[in-house]
Amino acid sequence: MPESILAPALVVAAHPDDGDFGAAGYALQQAARGRDVFFLVCTNGAKGTSDRTMTRERLVPLRRQEQREACRRMGARDVFFLDNEDGELVYDRRFLEQLVRCIRTVRPETVLTHDPTDIIMRDSFINHPDHRTTGTASLDAVYPTARDHLNFPEHLAEGLEPHKVREVLLWGTNQPNFDVDITAEVDRKIEALTAHVSQFGSRDDFISFVREGWRSDDGRYLERFRRIELRF
Ligand SMILES: [Zn+2]
């Protein structure tokens, strides 16, 4: 596949399937435009199962394989995996370095990630601590860390130059200001999500529930983001 001349987008997700829930429609649209879309999954996905016979030794590679398949269905160019423990993600210099390294490698114009602003979401669920940690550290990686050559200067020796991200799109937000109409992509978004067989491959009730969640009053399907444009 030749490299696209359009600037890439990078989806930074805490767990396998988060980026698909948040931004699969956007990813499908951008890939169709010829833009390279990359995914970064920050934890090893070792926790997401209610199957008592499942072991972590089987679950970790299985969830990575499912995410690879979901990314293939979304037309993403590549997916990277970090090895941080699911459910135990902490914000430290090591995690920040991992994110900055990925941003300096992919050099995205747009970064998409979790909105870390609120713990309570619409009084109906709790923003997972790994989501909050991923969102916070990703924002810090975008600004100021990845921009400044004095942060992680060892990257320079590896040829990783500082990089300015121009746009951030946060999903799972209480303050959306940017809607992407995914009506044309909603079936393919579901197809991508159902690649995560270990999570909800056979749960039709759950899939129709989340599908309804994307539907707006006028019948269109939307991904709703909080958009930040970084002009400087
Ligand atoms: Zn998650």
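**Strand pairing and helix packing in the predicted model**

Strands S4 and S7 pair in the parallel sense over five bridges, two strands being counted as paired if DSSP finds at least two bridges between them. Within this pair, Leu-112 stands opposite Leu-169 of S7. Helices (H or I, at least four residues) and strands (E, at least two) are DSSP runs, numbered from the N terminus. The model is predicted, and local features therefore need pLDDT of at least 70, side-chain atom pairs count only at pLDDT 80 or more, and totals for chains, interfaces and linings use all residues. Residues are numbered from 1 along each chain as its sequence is written.

The chain contains eight helices and nine strands. Its radius of gyration, taken over C-alpha atoms, is 17 Å, which agrees with the value near 17 Å for a compact globule of 232 residues under the rule of 2.2 Å times the number of residues to the power 0.38. Along the principal axes, the C-alpha atoms fill a box of roughly 50 × 45 × 40 Å. Of the 232 residues, 40% are buried; a residue is buried if 20 or more other C-beta atoms, placed from the backbone, lie within 10 Å of its own, exposed if 12 or fewer, and partly exposed in between. Among contacts between residues at least 6 apart in sequence, 80% join residues at least 24 apart, a contact being defined by C-beta atoms, placed from the backbone, within 7 Å.

Seven strands form an open sheet of mixed pairing, in the order S3-S2-S1-S4-S7-S9-S8. Strands S3 (78-84) and S8 (178-181) stand at the edges, each with a single partner strand, so one side of each is left without a neighbour in the sheet. From one strand to the next, the twist averages 25°. Strand S1 (residues 9-13) is joined to strand S2 (residues 37-43) by five bridges, and the two run parallel; Val-12 has Leu-40 of S2 as its bridge partner. Strand S7 is also joined to S9, by four bridges in the antiparallel sense, with Glu-167 partnered by Glu-229 of S9. Four of the five residues of S7 are buried, so this strand is largely enclosed by the rest of the structure.

Helix H1 (residues 18-32) lies across S1, S2, S4 (110-114), S7 (167-171), S8 and S9 (222-229), at about 170° to S1. Helix H3 (residues 93-106) lies across S1, S2 and S3, at about 160° to S1. Axes are lines fitted to C-alpha atoms, for helices over the stretch in contact, and angles run from 0 to 180 degrees between N-to-C directions.

Helix-helix packing was examined for two pairs. Helices H2 (residues 56-74) and H6 (residues 186-193) pack at about 160°, with axes 8 Å apart, and are therefore roughly antiparallel; angles under 35 degrees count as roughly parallel, over 145 as roughly antiparallel, 65 to 115 as roughly perpendicular and the rest as oblique. Ala-70, Arg-73 and Met-74 of H2 make the contact with Arg-188, Glu-191 and Ala-192 of H6. The axes of H3 and helix H4 (residues 129-142) come within 9 Å and cross at roughly 55°; H3 and H4 are therefore oblique to each other. At this crossing, Phe-95, Leu-96, Leu-99, Val-100 and Ile-103 of H3 meet Ala-137, Ser-138, Asp-140, Ala-141 and Val-142 of H4.

Note on methods. Two residues are in contact if their C-beta atoms, placed from the backbone, lie within 7 Å.
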